[in-house]
Structure formats: structure tokens, C-alpha cells
Amino acid sequence: MLLLVVLVVWGIPRDCAGQRYAMLAPRTMRPHTAYELMVSNLGAGTEQFMYEIVTANDTVVGATSVEVKPNELRKVEISLNSLKEEHYRLKVWEKQKQTLLNTTSLERIDRSYLVLFQTDKPAYKPGDRVQFRVLFLLPDTKPVGQSVRPTIFIADPDRVRMKQWNGVPLSSGVFEGSFQLAEYTSFGRWTITVSVNEQIYKDTFSVEEYTLSLYRVQVQSIPKAYFQCDDPKMSLKLSASFVHGGSVRGNATVVVRANYNNFPSQTKEVARKELSINGTAIVDFPTDVVAKSCDEERNVWFDVIVTESSTGVSYNTTCSYTVHNAGGVTMEVLDGNEAFYPGLAMRLMVKLATIDEKPLVNTHHLTLTSSPQMAPQMKLLAFAVKEDGKILSSSIIIRFLSSSSSAPLLFYEPELWKVEVDLPTGYEIEGQEENYHNSTEIDSIPEEEYELVAEGLSGLEFKTKSRLDFDNKFCSVLIQTDKSVYKPGDTVRYRVLVLDRSMKPLPAGDSGMMVYIRDGKGNRIKQWSNASLGECGVFQAELTLSTEPVLGEWTINVEVVGLKESKTFDVDEYVLPTYEVTVESPGYTFLDDELLKVVVNSKYTYGKPVAGELTVAVKLASSMCFRREPTETSICQKVLPIDGKTVVEFNLKEILSSKTYIRELTIEAEVCETLTGRTQKGSTTVQLHDERYQVRMIEESSYFPGLPYNAWIQVTNLDGSPVQDGAKEVEIALRNYNIDLHKQSSTLDEKGMAQLNVKLDELDFDYVSVEVKYRGKDYYVQGITKPRDYEEALMRVRLSEKE
């Protein structure tokens, strides 16, 4: 604190009475908090100061006075209540407002507190209990006092408030609450909202159906937490354990990806290994597959897939490391200035350490002095260099801004600045250096390209330009209703939020806004001709529907400053369902299958089964057939009893007996409850496929004469899993105009793959097609083209010996 005061005093002029004083004050203030500043009297006599925070029209919003003894440093607090968005100034008076010492502009920050949210989990399932806490901190990170009593509520994804706590007391600035989710609830992002001092703070959590992982996979580099390019190998320790304990037995696949431009999107597989795992396993890769030289650092990615042997369930993870060059050193900035001030010294302290954070040498202290001729924005580049000139560490860039927004507030004679806006009408703005916010009103201008030109006319000379984006939208209008569907006799409650182009609410008062509601036939039912906005830029109202209104889609229309917005809601006769009907199917089947099976479930919202009559119909999906038959026409239909769950089978051959090209079917189920006669429906779709298997070719690289060529044929099921049951023999043929140039028979391995054993350099061809025969069916895979003689040559280089 002593050093700070001395630096401040250097910039303080002597006042008329010969008295010396220093004041240190922030440039920002917040509503409902205390504005704090420091004052020091360095003279021989006692001084009295009065501090006022006033608006642009000199309305006082906060004031206090203090008496400071000689050589005393005092802390001054000015209590503030709500602050409107306008310009404020700090005035300093001496001796009961007899002499005005200084005045300076202050910036208003609309947030009073720092509000932090914490939930016990990021995602919840229906029926879980959401436990959360909210922490309220002052700008100095201390807890707020007991006088702060916020309102907190939880809303579902449809923004319906599910629970609310009004004016809750805080314990050490913390509120703890919990909320029990229903068994059948809305999925999506739920919101925790805090309202305090007319300010809104929000955080979200997710409600979804999810299944916990059976086991987890972890990867660790050994013996150190990093790799160096002069190490002969990169060693990884793989760990797989069940969540309830116990080791996982199975197979692991490790894929190494690297690049030479350090762009993650341009990675390429450079190595792969497969091994067995029993809880843990060690795998090694040569370092030179990633970093063949130590000229610079390299990035490497490891993709690990572990498949449990008994269940076949697989989990994967990806980790990344940096392969450091030899003698790698890290550099850390421990202390330094945040801004240049012309003529003042700038401190910088850095620490050098090895990659594993062991100190290399003692900390280095640097002192720089900036000059007024320096550019408005500067960058300081620091390097760690050996005696031979080799750079050990990557260069770090420390940015310093010449802006004094974070500097102590000193009282000084202001210098004039001039800002010119390049507009058709040629506006000019003049202000003082301590005013960091300049504004001007612009009339209607055409939609063209504009730029802002700023030029220093005295003191620090500079000139800079910035492109401006043209936006003719004055404000944004948001309309919200409490429900999306209403019944006759309900009350429609809605609110309209109007935001300016800075996404801040428009000020309260007469905004010239008109709001009206139209029914389903376009009749204007109610109108607010001059709707006034509230304190937060919100207009809210309600409309009670008659007992026999026009059913259909109603519209809320808003017109403000030439902008028109609307929102619709439905008015309908509806009854909340007491039970639901779901249809389960595999999602796809094959044209040569005999039967199509679906499972229909019917249960009440509280979980009990529903007994009644089930009608299941199979219909065409019109978007997936060439003959546009109406989807209301059923291909076949069955009626049978149901008591909670029923399996229904259809003869697929009969469904496909017509010559219609069908690739998708819709299964609709309707359950009529026995007790009440009410009906509910459910549906699903089933895709029809010709092929049961997918065949593709995996190439190590494209074919080029003279270079090794490796390729594999892979056969998988429709869902991408390798074939496991039945015959595994495949016939592979390379054909050129129906002439077989190569044929082979192979057996698929456990991954459904067979290697292509062919020497293409010995074959005479320009183009060959790769065809595979599997289980009596022929599959065309792809073609191989021989490069032309005039095409650009290709060379592969492999390091066989390391110097």
C-alpha cells in the first residue's frame, strides 16, 4: 500500500492552499452496493472532503463526507441503491462544498453481485431429486449480507415454473434447495433463475433418459506425464474397471493419430495395435512415428477402444499429449503490469521450469519503461535462450494495452480528444480523456458501408479506423405466453419484452407500442393502443376467453417503432390423457423375412397397465413409395385384446404381395380403454432393406505403381457390427470388362475382415472393379484406377536408420 500511495502522489498537483492529497478510486460502480475509495492527506493540517455521485443533471444518488488527519490514509464508502442506465460522475468537494476539487466520470455495471450456481449432477433422470446451491458474492468476492433476500424458482423446458422460493434468507451468502422430479416429466434443459434487486441470474441443468456406463476406460502415460522426442518409445498404461469394482477382461485397440501441421482436423492414423486386457495393460509405440526430428513440438492423439469379452460391450476414450523437443522448458509469468503508462516503469517477473514443473533457475525480474511514442497496443515476446543461441521454450506473448481503464483513478488536467464518424452528414464528437464512452445520435441513413475513424489531435497522436456493420433493426420484441394451448374459459396470460440493439431492456414509460389479439378467424378481440413498458422493458397483460370462443390458432400482435412481431397460441377443447400408448419395433427389417413383429405397451401415467381393445394397422409411408397411395389406407389390420402389453405379428410376405416399391412402413396402434371407452394412439416406423450385409474395402493408401499396396475386405451387419454367425467364406475377384484378372477365397476374421492378396503391378489394367461374393450373393465394392503416365509422381520415404 505504501508503494501505491507514493506512485499516486507523484501525479498529484499542489492545490491552491498548498495542501498535498492523494485519492485512489475505481472507475466502476454497481447498484445496491457500497462504492469504496481511498484518500490520503499528506499535508500538515486536517482536511475535510465531501464525495458525491451525481447523474448528468446533478441529481445526487450517493454522498458522504470524511475528515482526514495529517499523513492518514482513510477508506471512504458511499452507499448506492438502484441505478438507472445513464451517465454518472464522482464529485470531490473540500470544506462543506466550498471548493470543487475535481470531477470525473464513472461507469455503471448493472450486476450488483457475482452469483454462482452448483448442482449435485449435470444431468438427471425422471424421479431424481435435484439438489442445488446458489452462492452470492460481492465484487470483492466476500459473501453478501443478511439484507439480501432473493427469489429463486425452477422452470421446465417449456418455461413453466415448477417450484419457487420467495425472499429466502442466506447463510454466509449461500442458499441450498432441492426439487423432486416427477416420474413422467419433460426432457430437456431446465432453468434455475434468481431474481434479486430487479436483476436476473440463470443457470441450467439437463433432464434426460440415460444409462450409467458399465465400466470406465482410462489412459495414462508412463513413466512420466509427458513424452519427449529423444525417448525411443511412448508407453501407455490402459485401465478398464467396472463402476462397481472389479477388472474388465477383453480386447483393446489403440490407434495413434498425428499430424505435422498441429491442426487437429488434419490428423492421420500412423500406428495401431490390438492387445488383450485384464484390468490393465501396457502398450508401447515408437516415438519416431510421431516426431521424427526434434526441431519442434508435436501433438499426438491416442484412440482407445476396449471391448468386454463376456458381453461384447465397447467403450472408447481419446487422449492427447505433446511430444516435447529435447531440453523443453516452460515459461510462466508470475507478476507484471497489465498496461503501459508513458514514463512509468513496468515490472515483469517470469519463472523457467522443466516440463514436469521443476524450477530450472531462479525467477527473473525485468523492468521496462514505456515511452509516449509507443503504439496503443503492444505485445511483449519473451524467450528462454541457451548460450549457444538455441531457443529452449516456445515464445510467450504478453499483451499490454495502453488503455488506462484498469489504472488507478488520478486527478489531472484533462487533454482533449476528437472522434470523427465517417457518415454522410459528417458528425463530430469531442470529449475528455477520462470519458471512455462517447455517443451520438444518427438520423435515418441509407444501407451502405461505413467506418469509424478515431484520431488523436493533441498529446498522444494516433489515427485508426474500424469497419462498422449496418443494422437497421432498432429493437427486438419477445412474446411469451404461460401456456401453448388454452381451453374455453381459460385466462391467457402473456408478456412482451422489448430489447434495444444492445440487448438491454427499453426504459420504462410510454413507448408508443400497440398490442392486439386476433382469434382463429382473424377478428380483433382486444387491443392496447398505447402499452407502457415496465421497469425491465416488459409489458404484461391477460385476456379471459369466453366459454364458447372461436377454436383454432389465435395471434398476439405487437407493433413498436415500425417493427411488427407476432406469436400464436391454440384455443382448443382438450383433455389431458390419463394413459399413453407406445409401439416398439427393431426399427428395420429385411424383405426376405417372414414375419414383422411389434410390441404395443399401454399404461397409465402412474405406471399401471391399461386393459382394453387394441387395433394395429400397417400403412405405407407415402414419402418412401413410388406409387403415392394415401397413408390413411391400411395394408392390413388386426384387432385383439390388450392388458398392458401385447406382441403383434404380421406376415411380411402378404404386406409386400403388391408390386409397390416399399421401403418404409408405418405401424399405428389404437387402444380403447374398457372402463371409460377413451382411446389413445401410438405409432412407429420400420425401414425395409434389401441387403442384410454391407461390404466395403479398406485401403491403407491409394494404389501407385512401384509402391506397396495393402487392402482389406470388410463384411458387417446392417448396424455396422462384424458378422459373427454363419459362413465366413468370401470370394474376391478383380475384373476388367468381365475378365477375371485375380480371384481368391478367404475367411473373415473376428472383425469381419479378409486381406486382399494381390500384386497389382503384375496385372495389366487401366481400371479394375473389386467384387465380392458372400453367402451366394454378389456385391460390387469399388474400383481401382492405375495412375496415368503423365500424372504427378508420388514418393514415400520411410526412415530405416536413425543417426
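**Opening view: the whole chain.** Buried means under 20% relative accessible area and exposed means over 50%, with partly exposed in between (1.4 Å probe, protein chains only). What you're looking at is a predicted model, where local features need pLDDT of at least 70, side-chain atom pairs count only at pLDDT 80 or more, and totals for chains, interfaces and linings use all residues. Residues are numbered from 1 along each chain as its sequence is written, and side-chain values use heavy atoms, with hydrogens and water left out. The protein has 803 residues, and 36% of them count as buried. You'll find two helices and 56 strands here (DSSP runs numbered from the N terminus: H or I of at least four residues for helices, E of at least two for strands). Take the contacts (heavy atoms within 4.5 Å) with a separation of 6 or more: 58% of them join residues 24 or more positions apart.

Close-up 1: Leu 543 sits in strand E39, residues 538-544. Is Leu 543 buried or exposed? Leu 543 counts as buried, because its relative accessibility is 9%. Skip the neighbours within four places in sequence, and Leu 543 still touches Asp 490, Thr 491, Val 492, Ile 517, Ile 525, Lys 526 and Trp 554. Pick out Ile 517: it is 26 residues from Leu 543 along the chain, yet their C-alpha atoms are separated by 8.9 Å.

Close-up 2: Side chains of opposite charge can pair when their charged atoms come close. By the rule used here (a side-chain nitrogen of Lys or Arg within 4 Å of a carboxyl oxygen of Asp or Glu), the model has 23 salt bridges. In one of them, Lys 504 pairs with Glu 85, and the closest N and O atoms are 3.1 Å apart. The two partners are 419 residues apart, with Lys 504 in the loop between strand E36 (491-500) and strand E37 (509-518) and Glu 85 in the loop between strand E6 (72-79) and strand E7 (88-94). Lys 504 has a relative accessible area of 35%, so call it partly exposed.

**Close-up 3: Glu 274 meets Lys 751.** These two side chains form a salt bridge at 1.8 Å, N to O. Glu 274 belongs to strand E21 (residues 268-278) and Lys 751 to the loop between strand E53 (739-747) and strand E54 (753-755), so the pair ties together parts 477 residues apart in sequence. Both partners are partly exposed, Glu 274 at 45% and Lys 751 at 27%.

Close-up 4: Glu 691 is partly exposed at 29%, as is Lys 777 at 34%.

Close-up 5: Most residues other than glycine have a negative phi, and most peptide bonds are trans. Which peptide bond is cis? The bond from Ile 222 to Pro 223 is cis, with omega near -5°, and Pro 223 is in the loop between strand E17 (215-222) and strand E18 (227-228). Asp 58 isn't a glycine, but has a positive phi of about 65°. Asp 58 lies in the loop between strand E4 (47-55) and strand E5 (60-68) and is partly exposed at 42%. Ser 172, not a glycine either, has a positive phi of about 55°. Look for Ser 172 in the loop between strand E13 (161-165) and strand E14 (174-180), where it is exposed at 54%.
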